[in-house]
Amino acid sequence: MNYTQNEKIMSITENTLVIGIDIAKQFQYARAFDYRGIELSKVKSFENTADGFKIFNEWLKLVAKENKKDKIIVGLEPTGHYWFTLANFLRELGIKLVLVNPFHVKRSKELDDNSQNKTDLKDPKTIAKLVIEGRYSQPYIPEGIYSELRIAMGMKESLTKNLNIIKNKVDHWLDKYFPEFNDVFADWEGKAALISLTEFSTPQEVLLTGVQEIIKIWKKGVKRAVGNQRAVRLIEAAKISIGIKEGLRMAKNELKANLEQYRLYLKQNEQLEIEIEELAFQVPGVKEMVSIRGMCSNGTKTAIGNTIYTITV
């Protein structure tokens with residue numbers, strides 16, 4: 001037992017009302033205890049709605065008044081996302097919220113009755129017991145600009161994940177239908193490669209298009225000069241391709257859908273990075289950090305990007 005846990009235990013006094021809550025999508029179940037673990041009221045269920053929260057708050061005040069408690073601490077498991085709205089509600093009321101480890105809840109239930117079964121009535125009691133024992137952590141719930149940044153970084157993580165999934169799908173598609181494509185283009189995300197996958201993705205289409213038409217199409221989307229050599233290499237690769245030749249109609253539709261998603265995610269990611277940069281400059285000290293000479297070598301935008309990932313939100 002460390003000093004921090006001792007402090008937590010000592011903070012639970014005879015004037016403290018300890019509430020354990022089992023979180024679910026529609027209904028929550030709460031039980032009230034004193035610092036010794038004696039239950040002070042019958043189990044209270046309430047809906048995950050504004051009316052439900054109001055009922056819960058009225059119950060809290062009633063139990064606290066009846067048992068002469070002037071301090072309330074609420075504990076719950078941070079499983080899923082259903083606890084976020086309740087956490088926000090409790091913060092607005094000024095009620096302390098703490099989180100218990102789901103693993104500890106499971107183990108404590110096993111010790112109490114040798115059962116891992118989850119019940120709406122048993123979990124709140126186990127959670128409250130862990131709070132009384134000081135086995136909890138206090139959540140950091142960001143506000144203002146830090147809340148915006150946390151959401152933005154969550155979106156960034158999700159977009160990056162989705163982009164990687166789409167990239168893998170395109171890689172798999174090429175492995176099946178045009179494996180020699182990567183011998184011509186080092187990266188299918190390059191401009192000329194993307195044009196090729198959009199306009200003539202299969203070896204059969206490459207051969208039908210021909211060198212001169214391929215070059216003509218490339219020049220419409222690529223500003224720098226595109227030589228004949230790569231077009232010739234693409235034709236030669238198409239001639240000897242071992243790619244699958246059946247089901248090409250739907251295969252092309254599959255690739256088209258993946259490329260559309262790829263472009264959409266890229267566009268969303270680009271816009272998000274702009275918004276993250278704007279948010280970052282609102283964080284105290286960021287402007288001063290990026291103004292320091294030598295903070296970055298690739299311009300302010302790179303420095304902001306690096307800074308964002310180090311900000312605790």
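User: Which residue does R135 form a salt bridge with?

Analyst: In this predicted model, R135 pairs with E133, and the closest N and O atoms of the two are 3.2 Å apart.

User: How accessible are R135 and E133?

Analyst: R135 has a relative accessibility of 40%, so R135 counts as partly exposed. E133 is also partly exposed, because its relative accessibility is 27%. For both residues the reasoning rests on the cut-offs: buried means under 20%, exposed means over 50%, and partly exposed covers the range in between.

User: How many salt bridges does the structure hold?

Analyst: The structure holds eight salt bridges. One of them joins R36 to D34, with the closest N and O atoms 3.2 Å apart.

User: Are R36 and D34 buried or exposed?

Analyst: R36 counts as exposed, because its relative accessibility is 59%. D34, in contrast, has a relative accessible area of 4% and is therefore buried.

User: And which residue does E205 form a salt bridge with?

Analyst: E205 forms a salt bridge with K252, and here the closest N and O atoms are 2.6 Å apart. E205 belongs to helix α9 (residues 203–209) and K252 to helix α12, so this pair ties together parts that are 47 residues apart in sequence.

User: How far apart are N269 and T160?

Analyst: In sequence, N269 and T160 are 109 residues apart. In space, the distance between their C-alpha atoms is 8.0 Å.

User: Where is N162, and how far is N162 from Y265?

Analyst: N162 is part of helix α6, residues 144–177. N162 and Y265 are separated by 103 residues in sequence, while their C-alpha atoms are 7.5 Å apart in space. N162 has a relative accessible area of 24%, so N162 is partly exposed.

User: What share of contacts in the protein join residues at least 24 apart?

Analyst: Among contacts between residues at least 6 apart in sequence, 62% join residues at least 24 apart.

User: New topic: helix α5. Why is α5 largely enclosed?

Analyst: Helix α5 spans residues 122–132, and nine of its 11 residues are buried, so the rest of the structure largely encloses this helix.

User: Which residues of α5 are buried?

Analyst: The buried residues of α5 are K122, D123, P124, T126, I127, A128, L130, V131 and I132.

User: What comes just after α5?

Analyst: Just after α5, G134 takes a positive phi of about 75 degrees.

User: Which value does phi of K68 take, and where is K68?

Analyst: Phi of K68 is near 55 degrees, a positive value in a residue other than glycine. K68 sits in the loop between α2 (50–66) and β4 (71–76). Because its relative accessibility is 72%, K68 counts as exposed.

User: Now the surface. Which residues form the positive patch?

Analyst: The positive surface patch is made up of K191, K223, R224, R230 and R233.

User: Where is R224, and is R224 buried or exposed?

Analyst: R224 is found in the loop between α10 (211–221) and α11 (228–239). R224 has a relative accessible area of 56% and is therefore exposed.

Key. Residues are numbered from 1 along each chain as its sequence is written. This is a predicted model: local features need pLDDT of at least 70, side-chain atom pairs count only at pLDDT 80 or more; totals for chains, interfaces and linings use all residues. Side-chain values use heavy atoms; hydrogens and water are left out. Patches are made of residues with over 30% relative accessible area and no salt bridge: like charges are joined within 9 Å, nonpolar side chains (Val, Leu, Ile, Met, Phe, Trp, Tyr) within 5 Å. Accessible areas come from the Shrake-Rupley method with a 1.4 Å probe; for residues, only the protein chains shown count as cover. A salt bridge is a side-chain nitrogen of Lys or Arg within 4 Å of a carboxyl oxygen of Asp or Glu. Lys and Arg count as positive and Asp and Glu as negative; His and the chain ends are not counted. The place of a charge is taken as NZ of Lys, CZ of Arg, CG of Asp or CD of Glu. Helices (H or I, at least four residues) and strands (E, at least two) are DSSP runs, numbered from the N terminus. Buried means under 20% relative accessible area, exposed over 50%, partly exposed in between (1.4 Å probe, protein chains only). Contact means heavy atoms within 4.5 Å.
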